[in-house]
Amino acid sequence: MSSKFVRSSKFRHVFGTPAKKENTFDGVKVSRSAWDSNKVKANPKFLGVCWEAAGGGSMAVLNLDNAGKLKADTPLVSGHKGPVLDFDFNPFNDNILASVSEDTTVKIWRIPDGGLTSTLTAPLVSLETHNRKVGTADFHPTASNILATSGTEPCLKLWDIEKGSELFSVNNIAADILQSVSWNTDGSLLATSSKDKRLRVLDPRTEKVAHDWEAHQGPKGFRSLYLSKPVERIFSVGFSKQSERQYSLWDIKNTAEPLATANIDTAAGLLMPFYDNDTCVLFLAGKGDGNIRYFEVTDEGSFVYYLTEYKSNTAQNGMGFLPKRGVDVSSCEIARLFKATSTGIVEPISFTVPRKSGQFQEDLYPETAAPVPTLTAEEWKSGKNAPPKLMSLAPGADRPAAAATSFNPSASASSSSHGGSEVDKLKARVAELEAELKKKEARIRELEGH
């Protein structure tokens with residue numbers, strides 16, 4: 001990861017600064033579920049955390065302006081019958097979020113401005129065509145109200161959450177559970193990682209697998225993440241055959257070999273990757289680690305260059321990444337992560353570039369993704385693609401408000417759960433059994449090979 005030659009980079013001296021104690025969130029009960037999600041997500045208004053709760057599934061959604069010691073009776077989002085495994089904030093409406101759970105359901109919630117004042121138990125919409133636990137939730141990057149979900153059954157579903165309808169289902173994807181899902185820049189493709197060691201690129205609207213290859217040889221599972229810049233590629237983190245943690249950078253035009261790959265260490269925790277598409281700085285936070293490594297991704301040379309690391313003696317068991325529109329440009333902050341620990345603390349960590357000038361630093365802040373969709377759900381469903389709408393972070397620039405994007409679920413979506421027809425459920429069950437068969441056949445081939 002390092003070299004005797006020092007590569008010039010404006011980000012070489014980026015440093016991380018933890019928030020003062022009074023600006024942390026204390027008393028947070030992070031879920032102890034074995035499901036390997038990040039457990040923490042954030043937007044410029046709220047901090048969300050998968051919550052450890054007896055007898056059902058809950059999340060905390062905390063106002064970012066109200067840091068400090070949480071009350072014992074902190075209001076929660078508490079409508080699932082099993083643990084919440086993942087959730088995602090709507091990128092075009094900071095008050096809307098989707099949660100997924102062991103109880104097989106997907107639920108859509110509206111958080112009031114200022115945060116919760118009482119526990120929220122009634123979702124706006126409940127989506128119920130998954131047959132097994134649901135473990136990932138990812139909103140579309142450019143189309144309004146499109147959500148992708150996946151879990152332990154071998155399929156990925158695409159929803160129009162405003163209508164409460166399932167648009168597409170990519171079935172028989174993998175021989176094992178899906179561990180991560182990531183949209184590409186315009187939302188035309190999805191990268192998925194599975195415990196069967198294979199990275200797959202899906203075309204959701206044709207319900208087909210477009211690319212499929214082995215990404216990491218280790219048995220512990222891995223994650224994949226689409227990078228938009230400097231060139232659209234896929235970054236993956238997993239384990240080698242010798243159980244070393246490693247990363248790889250892929251060009252989907254040629255997946256025979258990665259563009260770059262490196263072994264990092266022999267720690268056991270899964271790496272959580274976060275990427276700032278504007279600066280091309282990549283952060284890797286390992287579960288059980290206290291440190292956060294960061295790298296710069298380029299389109300030349302070795303492609304991935306180690307910068308430095310943030311060090312801490314306190315291990316993280318979850319991590320969230322603030323959208324770029326939420327950073328403090330006056331302090332040259334390029335990223336902010338929210339680190340959850342087993343001690344009940346969620347600690348904001350600010351990553352800044354040291355600059356003497358107090359003026360806006362244009363080179364650090366190119367135009368970034370705006371909280372405004374460029375497509376409707378119907379346009380995306382019909383086959384249209386569009387890049388994200390961009391906005392300036394310069395002081396005084398016009399910044400559209402995320403909550404200005406309306407969300408009005410249809411009467412059929414909000415009045416009852418979308419259970420799907422019996423035919424749909426039977427098709428899903430057939431797909432599930434076919435995947436089980438595929439998994440057993442792969443195991444037989446593996447044993448015969450020995």
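No disulfides are present in this structure, which is a predicted model.

The chain contains 32 strands and three helices. Of its 450 residues, 55% count as buried. Contacts across the sequence also deserve a look: among those between residues at least 6 apart in sequence, 54% join residues at least 24 apart.

The interior comes next. In soluble globular proteins, nonpolar side chains tend to be buried together. The largest nonpolar core in this model has 26 residues, and the members that touch the most other members are Phe11, Phe283, Ile292, Tyr294, Leu337 and Phe351. Two or more residues of this core come from each of the strands β24 (271-276), β25 (281-286), β26 (292-297), β27 (304-310), β29 (333-340) and β30 (345-352). Leaving aside residues up to four places away in sequence, Leu337 touches Phe274, Phe283, Ile292, Met319, Gly320, Phe321, Glu347, Pro348, Ile349 and Phe351.

Charged side chains tell another part of the story. A search of the whole structure finds 24 salt bridges. One of them pairs Lys163 with Glu378, whose closest N and O atoms are 2.8 Å apart. Lys163 sits in the loop between β14 (155-160) and β15 (165-171), while Glu378 belongs to helix α1 (residues 377-381), so this pair ties together parts that are 215 residues apart in sequence. Lys163 is partly exposed, with a relative accessible area of 42%, and Glu378 is partly exposed at 39%.

Another salt bridge is formed by Lys133 and Glu102, with an N to O distance of 3.9 Å. This pair also links distant parts of the chain: Lys133 is in the loop between β11 (125-127) and β12 (134-139), Glu102 is in the loop between β9 (96-101) and β10 (106-110), and the two are 31 residues apart. Lys133 counts as partly exposed because its relative accessibility is 31%, and Glu102 counts as partly exposed at 33%.

Lys157 is buried, with a relative accessible area of 3%, whereas Glu166 is partly exposed at 29%. Salt bridges can also join up into a group, and here Asp196, Arg198, Arg200 and Asp212 are linked in a network.

Which charged partner lies nearest to Asp251, a buried residue with no salt bridge? The nearest side chain of opposite charge is that of Arg233, 4.5 Å away. Asp251 is located in the loop between β22 (245-250) and β23 (260-265). The side chain of Asp251 reaches the backbone nitrogen of Lys253 at 3.0 Å. Apart from residues up to four places away in sequence, Asp251 touches Arg233 and Leu259.

Most residues other than glycine have a negative phi, and most peptide bonds are trans. Lys39 is not a glycine, yet has a positive phi of about 70°. This lysine lies in the loop between β2 (25-26) and β3 (40-42), and Lys39 is buried, with a relative accessible area of 7%. Glu207 likewise has a positive phi, of about 60°, without being a glycine. Glu207 is found in the loop between β18 (198-203) and β19 (208-214); with a relative accessible area of 36%, Glu207 is partly exposed. As for peptide bonds, the one that joins Lys229 and Pro230 is cis, with omega about 0°. Pro230 is in the loop between β20 (223-227) and β21 (233-239).

Key. Residues are numbered from 1 along each chain as its sequence is written. This is a predicted model: local features need pLDDT of at least 70, side-chain atom pairs count only at pLDDT 80 or more; totals for chains, interfaces and linings use all residues. Side-chain values use heavy atoms; hydrogens and water are left out. A nonpolar core is a set of buried Ala, Val, Leu, Ile, Met, Phe, Trp, Tyr and Cys residues joined through side-chain atoms within 4.5 Å. Buried means under 20% relative accessible area, exposed over 50%, partly exposed in between (1.4 Å probe, protein chains only). Helices (H or I, at least four residues) and strands (E, at least two) are DSSP runs, numbered from the N terminus. Contact means heavy atoms within 4.5 Å. Lys and Arg count as positive and Asp and Glu as negative; His and the chain ends are not counted. A salt bridge is a side-chain nitrogen of Lys or Arg within 4 Å of a carboxyl oxygen of Asp or Glu. A polar contact is a pair of N or O atoms within 3.5 Å; within protein, one must be able to donate a hydrogen and the other to accept it, and residues adjacent in sequence count only if both atoms are side-chain atoms. A disulfide is a pair of cysteine sulfur atoms within 2.5 Å.
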